[in-house]
Amino acid sequence: MCFCSSATRGFVWSDIVKHRHKLWGALLLLAGLHVVVLFAGFFAPYGSSTQDRNLPFAPPTGLHFVDASGKFRARPFVYGLKDDPQALGSFAVDSTQVYPVHFFVQGSSYKVGGVLPSRLHLFGVSAPGRIFILGSDAYGRDQFTRFLYGGQISLAAGLIAAALSVLLGVVIGGLAGFYGGWIDDLLMRGGELFLALPWLYLLFAVRAALPLHIAQWQVFLLLIVVIGLVGWARPARLIRGVVLSAKERNFVVAARAFGASDVYLLRRHVLPQTYGVVLTQMALLVPQYVLAEVTLTFLGLGVGEPMPSWGSLLASLQQYYVLSSYWWMFLPALLLIPVFLAYYMAADALQERLKTVPL
Amino acid sequence: MRYLTRRLLHAILLLIVISVFSFALLQWAPGNFFDAMRLNPRVSAQTVNGLRLEHGMNQSLPVRYAHWAYSVLKGDMGFSFSYNTPVASLLWARARNTLFLTTIATLLAWLLAIPLGIWSAANKGTWCDRACAFSTSALLTIPDLLLFLILLLLAVRTGWFPVGGMVSTSFASFDFWSKLKDIAVHFALPALGLAVVTLPVLVRHIRSAMVEALDSPFIRAAHGHGIPRTRLLFRYALPLASNPLISLLGFSVATMLSASVIVEVIMSWPGLGPLMVQAILSRDVYVVVGVVMLSSVFLVAGNLLADVLLFVSDPRIRVE
């Protein structure tokens with residue numbers, strides 16, 4: 001998860017999956033994932049802060065097709081929960097309460113894309129019953145819902161920060177590579193400074209320079225800016241390398257001889273050649289920055305409650321009783337693995353397809 | 001010798017730039033330790049102002065930097081507001097623990113990675129190699145945070161490893177061997193976690209360096225002369241492959257230090273990580289600067305070590 005060092009160098013997925021359509025597979029997976037997270041309101045059965053104080057730390061709800069009398073039902077159903085008489089504070093399945101799962105139900109209201117009000121949810125069960133696919137947390141909030149809403153924060157942080165880093169990388173690397181000389185020296189020495197420091201300490205140092213007690217959305221924006229600013233050095237270095245060779249290519253030299261200005265050359269001929277590196281770097285940086293957000297939030301330096309993020313979902317595991325007693329609190333963390341896998345696969349496939357410089 | 005002197009000067013320059021950079025950044029920060037104190041109705045405004053003056057908070061940035069640099073030279077490294085003591089006294093014990101943990105973890109990771117990488121390169125393309133590539137890919141996609149939490153869960157569930165801290169509470173009463181054993185079981189888990197996190201990258205690098213070395217013509221010639229395979233691998237290919245790996249050793253210090261922060265916080269290891277997080281939350285700027293500086297010193301030292309090793313191992317650099 002280190003965006004300033006070499007942790008993800010050579011993620012050679014091709015060693016394992018020799019697949020012609022790997023890129024499309026990865027992109028499809030990513031697209032699906034982002035659509036689900038973007039329309040979290042529809043896919044999640046509850047609101048992001050809907051609590052059920054009667055059901056703290058409820059285990060994941062099992063879907064059933066065969067009822068107590070052994071009869072098969074085409075519509076899946078869930079059982080209700082009752083207090084476990086053997087163990088205080090935990091729940092047991094109450095097979096007398098049966099709640100069929102309905103699809104496209106009306107539930108709590110939310111806004112599609114922040115504007116369009118809607119009450120439609122993909123699935124849900126009727127009122128006294130609850131469906132917690134990934135269990136519930138200390139306040140009886142549905143973990144699956146919070147995972148989807150948290151993804152909005154975490155993925156947005158990762159995507160925007162990665163875009164910021166790559167943008168800085170293009171500008172700085174482009175200038176350094178195109179002009180060379182002292183500009184190159186100055187910018188690349190500065191980049192070495194950023195590459196040399198342990199990224200987490202650097203992130204800490206920059207985070208420490210920012211106010212602690214501010215509104216949540218400000219924390220979120222600051223977090224993005226900090227993560228994005230700290231990681232510019234690696235993309236800048238790679239892009240500088242591409243620009244160095246791109247500016248010597250014959251058609252660029254010819255255009256220069258015809259009197260093209262520097263701005264025109266960069267915009268029209270040199271920077272378009274870096275798109276392979278830019279795309280690959282984006283795909284590599286997003287999961288690393290998502291993880292940076294998760295780590296900072298986990299340590300209490302990122303976005304906090306009640307705003308859900310993947311980091312705050314994990315943060316509850318810092319308490320020993322949560323860690324040891326409620327295994328389903330790990331489930332949102334485990335779901336991060338396929339997300340990262342999709343991104344790494346995409347990066348790998350892009351690199352292969354676009355034949356960019358080795359990372 | 002000129003090579004090494006240049007490297008040393010470069011390292012010192014780097015440290016000075018980092019110190020100016022981090023100092024300025026933290027001093028410009030809005031809000032400081034005394035702002036939180038001001039909210040407390042039991043502390044009067046005069047007291048807060050007095051404290052501010054005492055710590056020179058009203059002086060300009062270059063003056064404060066000069067004071068701080070002087071105190072670094074004296075060996076104090078500034079003053080911690082919340083612990084009310086020179087920062088250095090806080091840092092040493094913590095730094096020792098972090099260094100101890102990361103050194104052991106680095107050793108463990110390299111001891112595991114070298115045989116794995118060589119074995120994988122020697123059996124390139126076979127199912128062993130594929131299995132190795134698959135497991136390193138899988139390890140790369142697991143967030144390190146999650147890995148540490150899973151290890152912690154393992155410790156809590158099985159009870160094989162003590163959780164939290166560096167020694168047991170009754171440590172002082174143990175004899176020498178029990179003390180040694182106690183420390184060993186306490187750091188088994190954090191060290192293992194750190195080693196596993198860094199392992200996949202190392203294995204991949206070692207494998208690719210070895211594959212490249214094994215492809216070179218002189219290896220084929222040596223093979224043709226009938227030199228046995230093990231000797232070929234360890235005496236001929238490994239020294240050739242060692243050059244990029246030594247640079248990697250320098251680089252991996254940074255990764256290790258960052259991962260170490262997380263493992264220290266999760267497993268309550270009394271190292272620099274938890275100190276840093278606490279210091280940020282309480283705006284104890286000199287502690288933050290101290291930890292940043294100390295970690296940069298470790299890093300620079302790691303890179304210098306790699307340079308020296310390169311100098312010793314690679315005759316080409318010596319000739320230059």
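Domain bounds here come from an automatic or database domain assignment. Keep that in mind for the first stop. The model is predicted.

**Stop 1: the domains of chain A**

Select residues 61-131 of chain A; this is domain 1. Then select residues 148-356 of chain A, which form domain 2. The C-alpha centres of these two domains of chain A lie 40 Å apart.

**Stop 2**

Pick out Q106(A): its bridge partner in strand 4 of chain A is L120(A).

**Stop 3: confidence along chain A**

Color chain A by pLDDT. The average for chain A is 81, and 92% of the residues score at least 70. Select helix 3 of chain A, residues 143-179: confidence is highest here, at a mean of 91. Next select helix 5 of chain A, residues 199-208, where confidence is lowest, at a mean of 74. Finish at residues 1-17 of chain A, over which pLDDT stays under 50. The model still has 59 contacts beyond four places in sequence for residues 1-17 of chain A. Where pLDDT is low, the predicted coordinates should not be read in detail.

**Stop 4: chain B as a whole**

Switch to chain B. Its secondary structure comes to 13 helices and two strands. The C-alpha trace of chain B spans about 85 × 55 × 40 Å along its principal axes. Of its 320 residues, 38% count as buried. Among contacts in chain B with a separation of 6 or more, 72% join residues 24 or more positions apart.

**Stop 5: the largest nonpolar core**

Select L203(A), F148(B), M276(B) and V288(B). These have the most contacts inside the largest nonpolar core, which has 168 residues. Helix 8 of chain B, residues 176-215, gives the largest share of this core, 17 residues. Now center on V288(B). What is it in contact with, leaving aside neighbours within four places in sequence? From chain A come A205(A) and A208(A). From chain B come L26(B), M276(B), A279(B) and I280(B).

**Stop 6: helix 9 of chain B**

Last, select residues 217-224 of chain B, helix 9. Is this helix buried or in the open? Of its eight residues, the number buried is zero, so helix 9 of chain B lies largely in the open. Step just past helix 9 of chain B to G226(B), which takes a positive phi of about 85 degrees.

Key: Residues are numbered from 1 along each chain as its sequence is written. Chains are lettered from A and ligands numbered from 1 in the order in which they are written. This is a predicted model: local features need pLDDT of at least 70, side-chain atom pairs count only at pLDDT 80 or more; totals for chains, interfaces and linings use all residues. A nonpolar core is a set of buried Ala, Val, Leu, Ile, Met, Phe, Trp, Tyr and Cys residues joined through C-beta atoms within 7 Å. A residue is buried if 20 or more other C-beta atoms lie within 10 Å of its own, exposed if 12 or fewer, and partly exposed in between; C-beta atoms are placed from the backbone. Helices (H or I, at least four residues) and strands (E, at least two) are DSSP runs, numbered from the N terminus. Two residues are in contact if their C-beta atoms, placed from the backbone, lie within 7 Å. Two strands pair if DSSP finds at least two bridges between them. pLDDT is the predictor's confidence in each residue, from 0 to 100.
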